[in-house]
Amino acid sequence: MEIAVLLKQVPATESLVEIADDGTAIKTEGINWVMNPYDEMAVEEALQIRDAAGGTVTVFSLGPEKTVEALRTALAMGADTAVRIDTQGTLLDGMATAKVLAGELKKGAFDLIIAGHRAVDDDNFQVGPAVAEFMGIPHISMVIRQEQADGKIRCTRTIDGGTLVLETALPALITTQRGLNEPRYTSLPGIMKAKKKPIDTRALSETGTDPGDPMVETIAMRLPPQRKGGRIIEGDSAADKAAALVRALREETKVI
Amino acid sequence: MSQGILAITEQVDGSFKNISFEVISTGKKIAEKTGGPLTAAVMGAGVDAIARQAAEYGADRILVADHEGLKDGLSDACIQAAAQLMAHVDPAVVVIGATSSGKDIAARLSARLNAPLAMDCVDVRVDGDRVVATRPMYGGKVLADVSLSGFPAIVAIRPRAMEAVAAQGAGEVEKVDIRLDGTTLNLVEKHLETGKIELTEADVVVTGGRGMGGDDFTVVEALAKALGAAVGASRSAVDEGWRPVSDQVGQTGKVVAPNLYIACGVSGAIQHLAGMASSRVVVAINKDPEAPIFAKCDFGIVGDLFDVVPAVTAEIEKLKG
């Protein structure tokens, strides 16, 4: 089984986000960059499939030089090889990212492509399904369980208020959802080994894919209205406090 | 340039989902700026009867793709049908719900049509010849305005973010023959949790955190029941295995925006606060007066949740008589 994993480096979810001076991006100073949590699940699932069925795991990422850290993490977890598409300072929207990734994936012969269902920075939910579309293969999103047999993959995916079990033919793309697995931690031997594994760097201009002009442009970014410290409800007993709370909810905010 | 708007609807169990009316109303708002017309797309099997409801929210035309292959609402069939319906309308803007299925359709449709997409929007406006959408990023820590260039502009709207407004439209049901070729997804099994209120659609959410101390969520569930609320959980409660991952509220879980959010024994980690920041009124109950959640709530009670939450439940029940 030849497996490709798409991954993105994002600010850790613990990060406090501030808006940059130009008002269209976040401040990047002091941000701790990590592998997108859903992509960690993608790497983990790929490794488990490879270890059971044989084959290789290749991780792909598109981004600047520092993206190497996320790729090294994937290699330390156990991925075999890594490809970084150097964006050369070009800002790509979700669609352009998908086009370029699909172009590179087509150069290989992958049975299964795994991606996170969204990156927790842009929250676009777009790249995985769009890559599948550009490759002309089926995709199943938000997978919490999967198994393959006889050239098919059967997945349990979450939907609003339930789950579906879907089956499709390989090659296919799936996106991960929490619950699929618990990504492993990198071990010291794994980290040492990863240092020796190659990272194939390809310049965007040499990929042969024209990402096209960006069609989605962020023109303004702001923090949502911030809550000030709440009013602490005092009282002699839990019952007193509860009564005061319910009164406030009913009379002041009219939410109940 | 086309001025038309296409609103793609979605059903569950033979009825329109609420998001469908929100989608049509959002389409109506945009159509008033572009000069319309507003077309509603209905896809499914045996959906003629409900389709005319789209006119009650202002649809000028109602296109129906009625096909056995659409009965399960699987994304690959719906994408094919949507693309064919679109050819009848040539819309400037496509509005769809950012539901689990809508997101799949929107993402693939944008790639197929080479059309710009704004996902999970909480507001949409027309600015000159551009559609500008407001969407949360970083799990809700940030609100971004994105400008879409190219046609059709696809806007997937977050459930509950836009209002469904009744408005009489002239739309009559027009059936459109569609062909489904080579769909590859097969439905093996469907499991819907009956009677469970979906977190992202709930008016009230009651969440339990690490302070629950274990998987016994009885006090939280009782309060949720009294309020007709959905039950959520913090990441720590999910990581501990006390609640399923589908209950998780936060940057790596669900983003919720209820009228009332009650956090019980939740400390208020940044990634959790991001997931509930758009709630209208936030109540925090925690025994640690220093918990960060108290800085991000409207009302706080410092106390043991196992005393306070049942007392609140009792007050709510008293109210209801």
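The legends below describe close-up views of a predicted model.

**View 1. The two domains of chain B.** The domain assignment divides chain B into domain 1 (5-175) and domain 2 (199-320). Their C-alpha centres lie 32 Å apart. Seven residues of domain 1 are in contact with twelve residues of domain 2. About 760 Å² is buried between domain 1 and domain 2 of chain B, with 47% of that area from carbon and sulfur atoms. On the domain 1 side, B:Gly139, B:Lys141 and B:Arg160 supply 66% of the area buried against domain 2, more than any other three residues.

**View 2. The salt bridge between the domains of chain B.** One salt bridge is found across this interface. B:Arg160 forms a salt bridge with B:Asp203, and the closest N and O atoms are 3.2 Å apart. Between the two domains there are four residue pairs in polar contact. The side of domain 1 that touches domain 2 has three charged, two polar and two nonpolar residues.

**View 3. The interface of chain B and chain A.** Here 82 residues of chain B are in contact with 80 residues of chain A. The two chains bury about 7000 Å² between them, 56% of it on carbon and sulfur atoms. B:Arg108, B:Tyr138 and B:Phe299 supply 11% of the area that chain B buries against chain A.

View 4. Eight salt bridges cross the interface of chain B and chain A. B:Asp104 forms a salt bridge with A:Arg157, with the closest N and O atoms 2.9 Å apart. Helix H4 (residues 100-113) of chain B gives the most to the side touching chain A, with eight residues.

**View 5. Strand pairing between the chains.** Strand S13 (residues 231-232) of chain A and strand S18 (residues 299-302) of chain B run parallel and are joined by two bridges. In S18 of chain B, B:Phe299 stands opposite A:Arg231.

Terms used. Residues numbered from 1 in each chain as written. Chains lettered and ligands numbered in written order. Predicted model: local features only at pLDDT ≥ 70, side-chain atom pairs only at ≥ 80, totals over all residues. Heavy atoms only, no water. Domains from an automatic or database assignment. Contact = heavy atoms within 4.5 Å. Buried area = accessible area lost by both parts, 1.4 Å probe. Salt bridge = Lys/Arg side-chain N within 4 Å of Asp/Glu carboxyl O. Polar contact = N/O pair within 3.5 Å; in protein donor to acceptor, adjacent residues only side chain to side chain. Nonpolar A, V, L, I, M, F, W, Y, C, P; charged D, E, K, R; others polar. Helix = DSSP H or I, 4+ residues; strand = E, 2+ residues; numbered from the N terminus. Pairing = 2+ DSSP bridges.
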